[in-house]
Amino acid sequence: MICPSIMAPECANVKYEKWIQPTYMPYTDLNLVSIQDFMMALSINELVTPCLILNQTTLDRNLGRVHAIADKAGVHLRPHCKTAKSAEIARRATAGFDGGITVATLNEAEYFAQRGFTDITYAVSIVPSKLKRLQVIRDRGVTITVICDHLDAIKAIIPQLSLSSRPLPILIEI
C-alpha cells in the first residue's frame with residue numbers, strides 16, 4: 001500500500017512492512033527519520049513530517065515496468081525527481097540507464113548534485129537571474145541542460161553564458 005498522503009484515513013494505522021527508510025524532504029534542516037523510529041511509531045500519524053514513505057515492493061514493481069517500457073522503446077530514462085526528492089529513489093529509477101535525471105528547481109539540482117548526480121536537466125525555462133546559481137553547480141563538474149521556451153529567453157541569457165568556458169546545453173521547448 002502506498003499512502004498518497006499521510007493524512008489519508010486509510011493510512012492512519014499502517015504499520016511497518018517492507019518500507020524504504022523514510023527520509024525528510026531535502027532542503028530542510030531536520031534530521032533523517034531512522035528506520036527504527038519508523039518501526040517504533042504506533043502509526044503514520046506519529047511521524048514528523050514532511051517525510052517520504054514508499055512501499056519497496058510496489059516501487060520495485062513500478063520501476064521494473066517503466067524500465068521494461070524504456071528498454072523496449074530503446075530510450076534512456078531521465079526520471080523527473082520533483083516528487084520523491086530522494087537520491088536513493090533516483091538511483092533506483094536510473095539503474096541500468098545513463099543516470100540522467102530531471103529536476104524542477106535549482107534546490108533540487110543542488111541536492112542531487114551533492115549526492116553524485118552529474119547529468120541533470122533543469123525542466124523550467126531558464127532566466128538570467130538563475131544563471132549564477134546554475135554556474136556554481138556546473139563548476140562542480142555537473143552537466144546541466146536547461147530549457148528555453150522562447151527566442152527572447154535565449155537572447156536574455158547569452159551575455160552571461162559567454163562568462164563560462166563550458167558550453168551550456170539548451171533544449172528549446174516547442
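**View 1. At what angle do helix α2 and helix α3 pack, and how far apart are their axes?** In this predicted model, helix α2 (residues 56-73) and helix α3 (residues 87-94) pack at an angle of about 40°, and their axes lie 9 Å apart. The two helices, α2 and α3, are therefore oblique to each other. On the α2 side the contact is made by Gln56, Leu59, Asp60, Leu63 and His67, which meet Ile89, Arg92 and Ala93 of α3. Sorted by class, the residues of this contact between α2 and α3 comprise four nonpolar, two polar and two charged.

**View 2. Arginine 92 in helix α3, seen together with aspartate 60.** Arginine 92 has its place in helix α3, and it is one of the α3 residues that meet α2. Aspartate 60 lies 32 residues away from arginine 92 in sequence, yet the C-alpha atoms of the two are 8.3 Å apart in space. Aspartate 60 itself is among the α2 residues of the helix contact.

**View 3. Threonine 94 and the residues around it.** Threonine 94 is also found in helix α3, but at 7% relative accessibility threonine 94 counts as buried. When neighbours within four places in sequence are left aside, the contacts of threonine 94 are with Pro79, Gly99, Gly100, Ile101 and Phe117. Leucine 77 is 17 residues from threonine 94 along the chain, and the C-alpha atoms of this pair are separated by 6.5 Å.

View 4. Lysine 85, at 18% relative accessibility, counts as buried, whereas histidine 76, at 56%, counts as exposed. The backbone of lysine 85 has a positive phi of about 45°, although this residue is not a glycine. Histidine 76, with its neighbours within four places in sequence left aside, is in contact with Phe97 and Asp98. For histidine 76 and phenylalanine 97, which are 21 residues apart in sequence, the C-alpha to C-alpha distance is 5.8 Å.

View 5. Helix α4 (residues 106-114) is mostly covered, with seven of its nine residues buried. These buried residues are Leu106, Glu108, Ala109, Glu110, Tyr111, Phe112 and Ala113, so that the list includes two glutamates, Glu108 and Glu110, which fall in the charged class. The elements against which the buried residues of α4 pack are α3, β3, β4 (119-125) and α5 (131-138). After α4 comes glycine 116, which has a positive phi near 95°.

**View 6. The contact of helix α4 with helix α5.** The helices α4 and α5 pack at an angle of about 10°, with their axes 10 Å apart. That angle makes α4 roughly parallel to α5, because angles under 35 degrees count as roughly parallel. From α4, the residues Leu106, Asn107, Ala109, Glu110 and Ala113 meet Arg133, Leu134 and Ile137 of α5. By class, five nonpolar residues, one polar residue and two charged residues make up the contact of α4 with α5.

**View 7. The whole protein, with the confidence of the prediction.** The protein has six helices and six strands, which follow the pattern β-α-β-α-α-β-α-β-α-β-α-β when read along the sequence. Of the 174 residues, 42% are buried, and the accessible surface comes to about 10,100 Å², with 58% of it belonging to carbon and sulfur atoms. Among the contacts with a separation of 6 or more, 56% are accounted for by residues 24 or more positions apart. The average pLDDT is 77, and 73% of the residues score at least 70. Where pLDDT is low, the predicted coordinates should not be read in detail.

Technical notes. Residues numbered from 1 in each chain as written. Predicted model: local features only at pLDDT ≥ 70, side-chain atom pairs only at ≥ 80, totals over all residues. Heavy atoms only, no water. Axes fitted to C-alpha atoms, helices over the stretch in contact; angles between N-to-C directions. Helix = DSSP H or I, 4+ residues; strand = E, 2+ residues; numbered from the N terminus. Parallel < 35°, antiparallel > 145°, perpendicular 65-115°, else oblique. Contact = heavy atoms within 4.5 Å. Buried < 20%, exposed > 50% of the residue type's maximum accessible area, 1.4 Å probe, protein only. Areas by Shrake-Rupley, 256 points an atom, 1.4 Å probe, with all protein chains shown as cover. pLDDT = per-residue confidence, 0-100.
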